Every structure is written in C-alpha cells, then in structure tokens.
Amino acid sequence: MDLHPQSGKMTRTKTRFMFGLIFAYVAISYMTGHLTPRPTLMRSLKNGNQETQLSSEWRSFLTHLETIRALLRFDEFTDAHLKNEDDEARRLESEVRVLCWIMTSPKNLDSRATAVRRTWARRCNKLLFISSVTNETFPTIGIELPEGRDHLTGKTIKAFKYIYEHHIDDADWFMKADDDTYVILENLRYFLSGQNSNEPIFFGHHFKTIVKQGYFSGGAGYVLSKEALRRFGAKGNDETICRQDGGAEDAEFGKCMETLGVKVGNSTDKLGRNRFHCFDPDTHLMGGYPDWYYQYDANGAKKGRDSISDYTISFHYVTPEKMNALEFYIYHLRPYGLKSGKQELNQDWGS
Amino acid sequence: MTRFPSYRDPILFGKMQSNTLNFVFGLTIGLVFAYVGISYMTGPPTPWPTQMRYVATEDQETKLRSPLRSFLTHEDLEKIRAIVQPIEFMDAHVHNDDDKEARRLEKEIRVLCWVMTSPENLESKAKHVRSTWARRCNKLLFISSVTNKTFPAIGIDVPEGRDHLTAKTMKAFKYIYEHHMDDADWFMKADDDTYVILENLRYFLSSQNTNEPIYFGHHFKTIVKQGYFSGGAGYVLSKESMRRFGAHGSNETVCRQDGGAEDAEFGKCMENLGVKVGNSTDKLGRSRFHCFDPDTHLMGGYPDWYYQYDAHGAKKGRESISDYAISFHYVPVDKMYAMEFYIYHLRPYGIESGKQELNQGRSS
C-alpha cells in the first residue's frame, strides 16, 4: 500500500525509466559485443595529446564505438548518390569468385587488418583473416604458429591447407595478401576472366631469382587456380615436396608450386605493364627502387608509365591511410565529363 | 493479480499502459544518451585515430613502418624529387574514353590559369605543373620575378620572397587584366605546388555567372569580414571581378600593394571592390577547393590553426571531399604524376562512373 502515494508513484516511474535507459545501453553494447568502458581511460582519452600507448582492449572498444557510430550515421561506405553503371563488374563478381585470405597478426588487427576489411577486402567473394591467434569477434582464424618472420612460410602452408580443407568450393580462385596489400578486385576478376582455373597455374608479381621458373612476391599478393590448390592440398604437406616452415615465405611457396607442377603465369597487360606490384604506387611511378629489385624483377624493373597497367590489381606497403586514399581515388574522385571506356587490356589466351 | 483488490483493476490496466510508456520513454532517452555519448567520445577532433595512425611527416612515417619497408627514406625521396623526369602516359590509343562532355565544357568555359612560381622553381616544380594538370587550361601563364623566354615565364618586376607575394599577385592580375582579358571567361591563380582538376573546375563554373562580381576558392573565415580564400588552394575570379580589379586595384587605399599575407590582402582587396566570396561546396556540402593535400584532408591531420580558419567546420574524411574536387595544395612533383595516374588512368574494370549532379543552385 502507498504510504506516500506521490513519491511511490514517482519511484516506480523513475525505476521503469532507469530500467529502460539501462536496457538501451546494454542493448547497444551487446549489439557491438562489448561492455562498459573504464572511466579512467575515458578521461585520459579527453586529454588526447598525452596519449601514447592505448591498451588493446581500449582500442578494440573504440573500434566498436566507431562501428556503432558508422552504423548510426549510415555513413562512410554507402554511396547511394553515385550513379555508376557497374553491371559488368557485378557480372564478373558472380562469375569469377575470388577467396581472399589476409595474413595478419594479433597486433595488426586494429590498424592494418581493420583498414583492409573496411576498404578493398569487402569486395572479395569470400574473405578470411589468418593470424596466429583465433579472434571470434574480428574474426580471425588462428594458425598454431608463433608470430614472426621465421614462421611466415609455416603460416602460408597451413593457411592454404586450411582453405583447401574448408573452402575449396567457395571460390574459383584463391588469393593470398598481406595486411598492407591493396587489391582492386574488379581488375583482378577482369584479368582472371581470361584465365582457366582448371589449369595448374598461379599469378602475381614475378621475381626471376631463387626458383627456376621464378616465384611471386608475397606482399604483392598471389592468386592460385583451383587446380593449383588441389595439387597443394594433395601433396603440400610432404616435407620433401614443400618446405613446411622457415626461409622466405614467398620463395619457399614458389619452390613448392614448381615442384607440384604449377606454372608461373604471366599477368602483364597488352602493353606489357605489370598488374601486381610489390611496392606502393608512388614508388613504381617514380622508380625509387632498392638495388635488389633490379636483380629480382622479371619484367625489367620498369618505372613510370611502363610499369603500371590502367587495370592494375595490387600494390604493397600500403598504410591504412593510403588505403583510404586509394579508395577515394579509385572509386570516388572523378574528372567531370570524362567517361572512361572499357579497354581491351588482357592478352590473348595462353600467353 | 490476487495481490490487488478488485476495485483497482481498471486502474491497474491504466497503470500497465503508463508503465510501458515509461519504459519506452526510458528506452528512447537511453538510446539518445548512448548515441550522444558515443558521438562525443568518437567525434572530432578524435584523439584515438590520430594517435594510432602513421604520422604525416615522412621522417616519422618511415620510422613507424615495419622494418621490411623503409628503403625509401626522406633522403631517398628528396633525391628522387631532384631528378624527377616528366612521365608521359602514352596509352591514349587504348583508352576508350568518351570525353565529349569534357570537351564541350572546355570550349564553353574558358579558364586562364596563372601559376605563381620563381626562377629556382622553374625546373624543379613549374615544369611538372606544365606536364600534368596545367596543360588542360585554355590559357596558361607562369608568373615569376624574372622573364624566361624558353620556359616561358613572365617576369613581374618584384623581388622573390614571402614579403612580396602580395605585390606579385597584384601585379600578376594587373598584367592579365591588361593583356589577356579577352582570352578567358574565368581567371585562376594557383601555386606551383597546387594540383587542379580542370574538368571539375569547369563543371562547377558552368553553374556560375562570370558577369557577377564573385570569386571562389577554399574559404577561410578569419581576417576579412566576408572571409577570404587560401592562396595555395587556388582561387578563381569572374570577369567582372577582374574588371573591378583592373579599374581600381592599383589604388593603395583600396588594395594594399605589397606586404602582408598574399591571400588575406587580396581578400581584403576583393571585399573593398565589392567582389563577393562565393560558395563552392557541392550539393552534399563537400568541399571542392582544398588547402592541403588529399591524404591530409582524408585523415584530418590538420594543424591547430586550421580549426579557427576553415569556414566549413574543418571536416575530414572521404565524406568531406567532393567526388568532383577541384584543387589540392602542398602537392610535391612526384605526387602530381601520381594524381594524373589516379584521376586519368587507374580504373576499376567494369564500373562506369555516371554523371553526378553535384552543383548547387546559383551561388549567393
């Protein structure tokens, strides 16, 4: 019974009000899979200039906040105002299915891997992030290997094995990339549309050393045909055929491919320009190459206009900021009144 | 139910309704608080992204990069820039570009570009401006302190240096008024580290009237009452503005003839002549003239002063830059070729960019 009718009523109202408030907050936190922030860290965020190292939990909380914010603003990646005709690109997307796996690590999730996911990698038909630790929220698949350059080969071998066992039916082509690689999927599909996935073949930025037929730069990304992946799945775990760990990842994988009878494919365009690139765009345009590149590159270490196809596929050493900039240049910034037509840049079959 | 006396039932129903309402009300307020709180914690200027990002300057950038990367040090880049040769993308024969619209605008909207440069910058900077964007101007003039017949560059009789940039600008516009008024409909000033996308400039100007006393650029809201335009981002005058400047611009009481900051002084001059500051943001409120390079505007690594100067809220990110952006500043020569590559060559296959209607109505 109400001894103080007015205050009793108010209390119940306030209780339900607070309940609604708390429910809303919990609901939003749950939506993004995170819990309450710590007040002390919030204060230190406001004094942003003194911040140096933020804990990974704080960073991941902020990632989730950014996610909420993006969701609430419906911003960043919805370009409804664009009136692009992308029928051709969409057709290729369903015909030439590409599985992208990104080699990353726990410490790179919030910066590089996030940038990859927010920019180019969302255009892959299937996307996997492979790390040394499984992360349910990101998500990443954990390969049981320590981090570090000495185990990149092992990571690659195990990653492809995993994909062979679980995802071979999900795609026609299987691309490996780093978390500082930028890939233009439309141009990858355009190139692959002129290739046959039942051939034992793979493509990337061709280095002519170390392996007899040459091999492909790991950072520029390389893409395997289905037949190449089948052969790897059948025999890739044999130590006599493929080195299981140690050495330079891309060179060792290249030897592995050669031993399995998988051919190094040619991905230059009709004007002889590269499509996969092991450096960033500015370096290729200006030719600021390190000395070793002149001994490694199989296509003459060209620079400037001769080195980059208009339908370029990949660049390496791309920072998260540069990825954002590339998204802007490739998919947004336009010269008014200039409709770029389709160029016939693929070479003929079998070259 | 049995806890309550029966005479309370109708009131109970009413109470349940108001309970639900309270709950919903609380839920709504909770959602609003959550949104506001989150926006505040992640709103600009956001410390977190700028703390975690790779710092803008090249020295620190190479330090933060992984050890696999940094063979292009600051010194390397300097060396490269010293020997940058013009890149010619000679692949027009395979481009299937339909540029009818761009060509039409080129004839209808004639733009005279004058690029402020200096004798020591002719070979290192102005040459690359000439090889890249500036060749798309209807008329192109390089204005320096010394005449160079071969380049060619026009020598304005003004000493080099920051103290005389105002005089350079005043004399340059005077020269253009006296010799080139009939060569163009619009008159643009740029620096030798400005990059301009002429097609987008013409598209924007196609919605403007050159007989109005008006000019456009990257708007700063300080110093001058109506604001003024950043010199480095480039600004473009209508024909009427040029006429007014030609008539009264040499009058010291109307326009300061030298000293001070070139763009601010020119802005005061324009205001005194009754030339209005025009709005060049696009239909989605995004900027077209930019006083920094693309990466800075995309990531928002602005210096502190920018937040007091910029008239449009110092926005950052991809949503802040128009798809039909016109200009960027602080573009080094190697980046000019990169811009040429990105804007006129690199393409995603199968995506044909349609025409966007991004112009607003007539500028006020």
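**Exercise 1. The lining of the largest cavity**

Task: In this predicted model, determine how the residues lining the largest cavity divide into nonpolar, polar and charged.

Solution. 
Step 1. The lining of the largest cavity consists of 19 residues.
Step 2. Sorted by type, these residues comprise three nonpolar, 12 polar and four charged.
Step 3. Nearest the centre of the cavity lie H218(B), T281(B), S287(B), D310(B) and H312(B). For the sorting, Asp counts as charged, and D310(B) is one of the residues nearest the centre.
Step 4. The volume of this cavity is about 190 Å³. The count of cavities of 30 Å³ or more comes to six.

**Exercise 2. The disulfide of C100(A) and C124(A)**

Task: State how many disulfides the whole structure contains, then describe the link between C100(A) and C124(A).

Solution. 
Step 1. Over all chains, a search of the whole structure finds four disulfides.
Step 2. The cut-off for a disulfide is a pair of cysteine sulfur atoms within 2.5 Å. The sulfur atoms of C100(A) and C124(A) are 2.0 Å apart, and the two residues form a disulfide.
Step 3. The torsion about their S-S bond is about -100 degrees, and therefore the disulfide is left-handed.
Step 4. The pair links distant parts of the chain, 24 residues apart. C100(A) belongs to strand 1 (residues 98–103) of chain A, while C124(A) is in the loop between helix 5 (109–118) and strand 2 (126–131) of chain A.
Step 5. Both C100(A) and C124(A) are buried.

**Exercise 3. The disulfide of C242(A) and C256(A)**

Task: Decide whether the link of C242(A) and C256(A) is left-handed or right-handed, and locate its two ends.

Solution. 
Step 1. C242(A) and C256(A) form a disulfide with their sulfur atoms 2.0 Å apart.
Step 2. The angle about the S-S bond is 70 degrees, and the link is right-handed.
Step 3. C242(A) is found in the loop between helix 8 (226–235) and helix 9 (249–259) of chain A, and C256(A) in helix 9 of chain A, so the pair ties together parts that are 14 residues apart in sequence.
Step 4. C242(A) and C256(A) are both buried.

**Exercise 4. The disulfide of C113(B) and C137(B)**

Task: Explain why the disulfide of C113(B) and C137(B) is assigned its handedness, and why C113(B) and C137(B) are classed as they are.

Solution. 
Step 1. C113(B) is joined to C137(B) by a disulfide, S to S 2.0 Å.
Step 2. The disulfide is left-handed because the torsion about the S-S bond is about -100 degrees.
Step 3. C113(B) lies in strand 1 (residues 111–116) of chain B, and C137(B) in the loop between helix 6 (122–131) and strand 2 (139–144) of chain B, so this pair ties together parts 24 residues apart in sequence.
Step 4. Buried means under 20% relative accessible area. C113(B) has 2% relative accessibility and therefore counts as buried. C137(B), with a relative accessible area of 9%, is buried.

Key. Residues are numbered from 1 along each chain as its sequence is written. Chains are lettered from A and ligands numbered from 1 in the order in which they are written. This is a predicted model: local features need pLDDT of at least 70, side-chain atom pairs count only at pLDDT 80 or more; totals for chains, interfaces and linings use all residues. Side-chain values use heavy atoms; hydrogens and water are left out. On a 1 Å grid over the protein atoms alone, a cavity is a set of points where a 1.4 Å probe fits but cannot get out, and a pocket is an open set with protein on both sides within 12 Å along at least five of seven lines; lining residues have an atom within 4 Å of a point. Grid points are joined across faces, edges and corners, and a volume is the space filled by probe spheres set on the points. Helices (H or I, at least four residues) and strands (E, at least two) are DSSP runs, numbered from the N terminus. Buried means under 20% relative accessible area, exposed over 50%, partly exposed in between (1.4 Å probe, protein chains only).
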